[in-house]
Amino acid sequence: IHQHGAFEQAIGENTATRVMGRAPVPVLGVRPALSGLPRRIMVATDFGDASREAAHLAANLAEPGGCVILVHVSLPSPIVEEGDEGAALVQREGIEHAFLHLAEEVNKGRSIRVETVSRTGDAGAQLMAAANLISPELIVIASQRHHLITRLMLGSVSRKLVREGCWPMLLTPPAGR
């Protein structure tokens, strides 16, 4: 994977995005700097089956003693109003509980550390910001394979990260493929 200019990013299609968008198996796109097993792997998760599988693949690829960082981005919730501590607590603990279970699953039988990061906002922008802070050697994300209209309206988080081209990427297909 390499960085593309503004024009190439605007078009949105390159070899990496085409292969990753159509492949029925996980696809690993690397950069020249990656010369061994990654020590810091960032995994984008929505806690669904596909992203859980992606987290397990990441843990299998991590160098022993390395770290898998699970990152979840949630949308600002209109239900939780300012001053509604109870609803905020339920929302926060739900995510913390999901992190706890996934971290236990991923860490089981492996000599790696698992860390968690929770962010709020636009998924693509927040994952890019998290990656800039974390400086992962690999980003792992499960593809959702949205229909064309949805992809045009909402964009594709995985395509955005791949087009940026700053990090090696492991993109897994949707669960059941």
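1. Let's start with helix α5 (residues 123–134), where Gly 124, Gln 126, Leu 127, Met 128, Ala 130, Ala 131 and Ile 134 are buried. Buried here means under 20% relative accessible area, with exposed over 50% and partly exposed in between (1.4 Å probe, protein chains only). Helices (H or I, at least four residues) and strands (E, at least two) are DSSP runs, numbered from the N terminus. As background, an α-helix has 3.6 residues a turn, so residues three or four places apart point the same way.

2. A word on the source: this is a predicted model, in which local features need pLDDT of at least 70 and side-chain atom pairs count only at pLDDT 80 or more, while totals for chains, interfaces and linings use all residues. Residues are numbered from 1 along each chain as its sequence is written, and side-chain values use heavy atoms, with hydrogens and water left out.

3. Where does helix α5 lie? Helix α5 lies across β2, β3, β4 and β5, and runs at about 150 degrees to β3. Axes are lines fitted to C-alpha atoms, for helices over the stretch in contact, and angles run from 0 to 180 degrees between N-to-C directions. Contact means heavy atoms within 4.5 Å. The length of α5 agrees with expectation, because its 12 residues should span 16 Å at 1.5 Å a residue and its end C-alpha atoms are 16 Å apart. The expected span of a helix is 1.5 Å times one less than its number of residues. Just after α5, Ser 135 takes a positive phi of about 55 degrees.

4. Now for the sheet. It is open, with 6 strands in the order β1-β6-β5-β2-β3-β4 and mixed pairing. Two strands pair if DSSP finds at least two bridges between them. β1 (27–29) and β4 (113–120) are the edge strands, each pairing on one side only. On average, neighbouring strands of this sheet are turned by 20 degrees against each other, direction ignored.

5. Strand β2 (residues 40–44) is worth a look. Because 4 of its 5 residues are buried, β2 is largely enclosed by the rest of the structure. With strand β3 (residues 67–74), β2 pairs in the parallel sense over 5 bridges, and Val 71 of β3 is the bridge partner of Ala 44. With strand β5 (residues 138–142), β2 pairs in the parallel sense over 3 bridges; here Val 43 stands opposite Val 140, and Met 42 opposite Ile 139.

6. β6 joins β1 through 3 bridges, the two running antiparallel, and Leu 28 stands opposite Leu 170. β5 and β6 pair in the parallel sense over 4 bridges, with Leu 171 as the bridge partner of Ile 141.

7. Which residues touch the most other members of the largest nonpolar core? Of its 22 residues, they are Ile 41, Val 43, Leu 70 and Val 140. A nonpolar core is a set of buried Ala, Val, Leu, Ile, Met, Phe, Trp, Tyr and Cys residues joined through side-chain atoms within 4.5 Å. β2, α3, β3, α4 (85–107) and β5 each supply at least two residues of this core, and α4 gives the most, with 6 residues. A second, separate core of 17 residues includes Ile 69, Ala 131, Ile 139 and Ile 141.

8. His 72 sits in strand β3. Is this residue buried or exposed? His 72 is buried, with a relative accessible area of 10%. Leaving aside neighbours within four places in sequence, His 72 is in contact with Thr 45, Asp 46, Phe 47, Ile 95, Phe 99, Val 117, Ser 118 and Arg 119.

9. Finally, the chain as a whole has 7 helices and 6 strands. Buried residues make up 40% of the 177 residues. Among contacts between residues at least 6 apart in sequence, 81% join residues at least 24 apart.
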